[in-house]
Amino acid sequence: MKKVLALATAVSAAAFAFAGPADEAQAQSKELTLCWAAWDPANALVELSKDFTAQSGIGMKFEFVPWPNFADRMLNELNSGGKLCDLLIGDSQWIGGSAENGHYVKLNEFFDKEAISMDNFLPATVYAYSTWPKGSPNYWALPAMGDALGWVYRKDWFSRPELQADFKAKHGRDLAPPTTWSELKEVSEFFQGREIDGKKIYGAAIFTERGSEGITMGATAALYSWGFEYQNPDKPYDMEGFVNSAAAVEALDFYKGLYKCCTPPGYTDSYMQEGLDAFKSGQVAMMMNWFAFFPGLHKDPVVGGDRIGFFVNPGQKVEASTLGGQGISVVAYSDKQEEALQYIKWFAGADVQKKWWSLGGYAVHNAVVQDPGFEASAPFAADFLKAMSGVQDFWQEPAYAELMLAMQKRFHDFVVADQGTAQEAMDKLKEDWVEVFEDEGKL
């Protein structure tokens, strides 16, 4: 995961450059360029990487591209055999195509030589960020940035006595972070159109964006909680009765109902940044977004601190979360692969991973997440760990872009544009995907 082609942050579209300390700055003979998206965690990586330069004498440059352009820019770079990036923190969905097309260096031999064990990282992240074929011991990346879809809420509003009393009178339970999607809708309806501090507010900011992956990431957060599966687990690419199952249809209908009842006006094409804007401006009581943004939200002078709370993606029939995050790979076209591998070795170290977490990066090394103090290290740490134990990801096939665009269209047409039924949307999606895999020679 994820966050392919997505609008995410106010971080500018810039390439960052860093030179080592003054005594090393004199024309370092080697310099690596690391490519990633432009957002807060990238800034934390710049700070972290200063230690690498100090220890190795290898300078670091950074090419950070805004999310709306990130996938197009980087995939074009890879497909053209470009030499801009020595290291690339790429999306989980790119693993299949990048491995099969020779864009990434296979890391097994290097990991063996340097005694870097994938057992040191959360299994879900190794599976999603590193392996191709999926689940095989063939590694093309090191888990770099764990992430999942979670939720934030206005804790200060939830705790108001008059709202607590009103909600309990209506629903017979306390106003609290929801544990199911049914509860989430009840809470959203409760806040929708209510006036708080003289301002009309709305229930929830959810993902509806069509152009890249937004509505897919949002709707699958519901689908996964209803037990959605992309294919027959015993027969790859057999999708009939799975993609268009009764549970999948029910979940998509529910997501549309939540969109219709409880989102801000005009919220028809919204993803990460729109959600952040709605929450920070005091427009909504709850917001779905990626854990990657939670450190910054907690520090926000207006809605952060004691005013904000966090909760894991609600369950319904099962507990599950949409996977985000990325792995770091060595680009096969780089002329500095040896130095790039040195960076991978350094980054894999337990002490480096601990500092990565402290700076705002989502480390998934066991030395970090299994530390007895981890869950208390941040107000969202426990929810992050819970989410990562039940994450699910979109197709990681080489043809993922076609698969994604089909899901985007079917979901947006139904949820936002009111075209057809949920059953028709899922039936058509299954047909779209069958066509893609037939073209791929997999059906």
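Which residue forms a disulfide with Cys 261? The partner is Cys 262, with the two sulfur atoms 2.0 Å apart. The model discussed here is predicted.

## Disulfides

The structure holds 2 disulfides. With the bonded cysteines numbered in sequence order, the pairing reads 1-2, 3-4.

In the link of Cys 261 and Cys 262, the torsion about the S-S bond is about -95 degrees, so this disulfide is left-handed. Cys 261 is partly exposed, at 23% relative accessible area. Cys 262 is buried, at 0%.

Cys 35 and Cys 85 form a disulfide too, and their sulfur atoms lie 2.0 Å apart. This link is left-handed, with -95 degrees about the S-S bond. Cys 35 sits in strand S2 (residues 31-37) and Cys 85 in the loop between helix H2 (67-79) and strand S4 (87-91), so the bond ties together parts that are 50 residues apart in sequence. Cys 35 is buried, with a relative accessible area of 0%. Cys 85 is buried as well, at 3%.

## Salt bridges

The whole structure contains 21 salt bridges. One of them joins Arg 73 to Glu 63, with the closest N and O atoms 2.9 Å apart. Arg 73 belongs to helix H2 and Glu 63 to strand S3 (residues 59-65), 10 residues apart. Arg 73 is partly exposed, at 34% relative accessibility. Glu 63 has 16%; buried means under 20%, so Glu 63 counts as buried.

Asp 335 and Lys 83 meet in a salt bridge of 3.2 Å, N to O. This pair links distant parts of the chain, 252 residues apart. Asp 335 lies in the loop between strand S11 (321-330) and helix H13 (337-347), and Lys 83 in the loop between H2 and S4. Asp 335 is exposed, at 61% relative accessibility. Lys 83 is partly exposed, at 49%.

## A further pair and a network

Lys 168 forms a salt bridge with Asp 174, and their closest N and O atoms are 3.2 Å apart. Both ends are partly exposed: Lys 168 at 45% relative accessibility, Asp 174 at 44%. Asp 166, Lys 170 and Arg 194 are linked in a network of salt bridges.

## Negative patch

Glu 100, Glu 402, Glu 435, Glu 438, Asp 439 and Glu 440 form a negative surface patch. Helix H18 (residues 422-439) supplies the largest share, 3 residues. Glu 438 lies in this helix. At 45% relative accessibility, Glu 438 is partly exposed.

Technical notes
Residues are numbered from 1 along each chain as its sequence is written. This is a predicted model: local features need pLDDT of at least 70, side-chain atom pairs count only at pLDDT 80 or more; totals for chains, interfaces and linings use all residues. Side-chain values use heavy atoms; hydrogens and water are left out. Patches are made of residues with over 30% relative accessible area and no salt bridge: like charges are joined within 9 Å, nonpolar side chains (Val, Leu, Ile, Met, Phe, Trp, Tyr) within 5 Å. Accessible areas come from the Shrake-Rupley method with a 1.4 Å probe; for residues, only the protein chains shown count as cover. A salt bridge is a side-chain nitrogen of Lys or Arg within 4 Å of a carboxyl oxygen of Asp or Glu. Lys and Arg count as positive and Asp and Glu as negative; His and the chain ends are not counted. The place of a charge is taken as NZ of Lys, CZ of Arg, CG of Asp or CD of Glu. Helices (H or I, at least four residues) and strands (E, at least two) are DSSP runs, numbered from the N terminus. Buried means under 20% relative accessible area, exposed over 50%, partly exposed in between (1.4 Å probe, protein chains only). A disulfide is a pair of cysteine sulfur atoms within 2.5 Å.
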